[in-house]
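Good morning. Please look at the sequence and the model on the screen, and I will go through them piece by piece.

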Amino acid sequence: MSTSSSSTEVSDALRRMVENDPRLLKIALDRIDAAEEVQRLASAIAMNSTLITLDLGRYHYFRIGDSGATAIAIALQTNRTIRSLILKYNGIGHVGASALATTLQTNRTIRSLVLNYNGIGHVGASALATSLQTNRTIQSLELNRNDLGPHGASALAAALHTNSSIVEMSLICNRIGDTGACAIAEALKYNSTLKRLLLGDNEIDDDGAVAFGLALEHNTTIE
C-alpha cells in the first residue's frame, strides 16, 4: 500500500510507520511542509521494519535538501527493509550525497537509489563512488542531471572496475564529455555485471564513441 501527502496523510503515514503496519510497503509523498516533518519521517524510518519503497521525489517543489538527506541517511543506518530510495528533485548537494554514501558503506538492503535532478556534483559522485567499491547490494543507480562533469564520471568509472552488483546506471545530461566517457569505457573492459548504461546528452564526441566501441569488443554484458 502507498500513500501520498496532505498534512493529515503525512501524519497518518508516519504513525503507521512507527506502528509497523504490515500493509504499508510503499510511501510516495508529494511534499513535506516543514523541516521538523522531515526529522519525524527520519525517526519513523529508523523504527520501521515493513517499508520497502520510500519515494520523496514525485514533484519539483519537494525539497528536503542536504539536511533532510542527511537525516534520512542516518535513519537508514538502522533500517533494514527499505530497498528502493527515490530522492529526485530534492535540492540535494554533495553534503547530502556524502551522507548517503556513508550509509551505503554499511547498509545491505537498498537495491535502488534514484537521485535524479539534484546537484551532487563531482564531489558527491566521488563519495558515492567510494561507497560503491565496497557496497555489494546496490543494483540500480540513477544520477541524471547532477552536474557530475568528467571528474564525477571518472570517479564512478573507478568504482565500476571493482563493483560487482550494479546492473543499471543512468548518468544522462551530466556534461561528462569525452574524458568521462573514456574513463567509463575503460571500466567496461573489466566490469562483467553492468547490463544497462544510459549516457544521453553528455557532450560525448568522436573520442568517447571510439572508446566505447573498443570497450564493447571486450565487454559481453552491456545490452
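D55 has I86 in β3 as its bridge partner. That pair belongs to the contact of two strands: β2, residues 53-55, and β3, residues 84-86, run parallel and are joined by 3 bridges. Two strands count as paired if DSSP finds at least two bridges between them. Strands here are DSSP runs of E with at least two residues, helices are runs of H or I with at least four, and both are numbered from the N terminus.

A word on the source. This is a predicted model, in which local features need pLDDT of at least 70 and side-chain atom pairs count only at pLDDT 80 or more, while totals for chains, interfaces and linings use all residues. Residues are numbered from 1 along each chain as its sequence is written, and side-chain values use heavy atoms, with hydrogens and water left out.

Now the whole sheet. In which order do the 7 strands lie? The order is β1-β2-β3-β4-β5-β6-β7, in an open sheet with parallel pairing. β1 (26-28) and β7 (196-198) are at the edges with a single partner strand each, so one side of each has no neighbour in the sheet.

Next, the helices. The chain has 8 of them, besides the 7 strands. I will stay with α6, residues 149-162, and the helices it packs against.

The axes of α6 and α7 (residues 177-188) are 8 Å apart, at an angle of about 5 degrees. Axes are lines fitted to C-alpha atoms, for helices over the stretch in contact, and angles between N-to-C directions run from 0 to 180 degrees. The two helices are therefore roughly parallel; that label covers angles under 35 degrees, with over 145 being roughly antiparallel, 65 to 115 roughly perpendicular and the rest oblique. On the α6 side, the residues that meet α7 include P150, A153 and A157. On the α7 side they include T179, A183 and A187. A contact means heavy atoms within 4.5 Å. By class, this contact has 7 nonpolar, 4 polar and 1 charged residues. Ala, Val, Leu, Ile, Met, Phe, Trp, Tyr, Cys and Pro count as nonpolar, Asp, Glu, Lys and Arg as charged, and the others, Gly among them, as polar.

With α5, the axis of α6 comes within 8 Å and crosses at roughly 0 degrees, so α5 and α6 are also roughly parallel to each other. H122, A125, S126, A129 and L132 in α5 meet H151, G152, A155, L156 and A159 in α6. That contact has 6 nonpolar, 4 polar and no charged residues.

Which residues of α6 are buried? They are G149, G152, A153, A155, L156, A157, A159 and L160. Buried means under 20% relative accessible area, exposed over 50%, and partly exposed in between, with a 1.4 Å probe and protein chains only. The cover over them includes α5 (121-132), β5 (140-142), β6 (168-170) and α7.

T134 sits between α5 and β5 and is partly exposed, at 46% relative accessible area. T134 touches Q105 and R108, leaving aside residues up to four places away in sequence. Q105 is 29 residues away along the chain, yet the C-alpha atoms of T134 and Q105 are separated by 6.5 Å.

Last, the chain overall. Of its 223 residues, 52% are buried. Among contacts between residues at least 6 apart in sequence, 85% join residues at least 24 apart.
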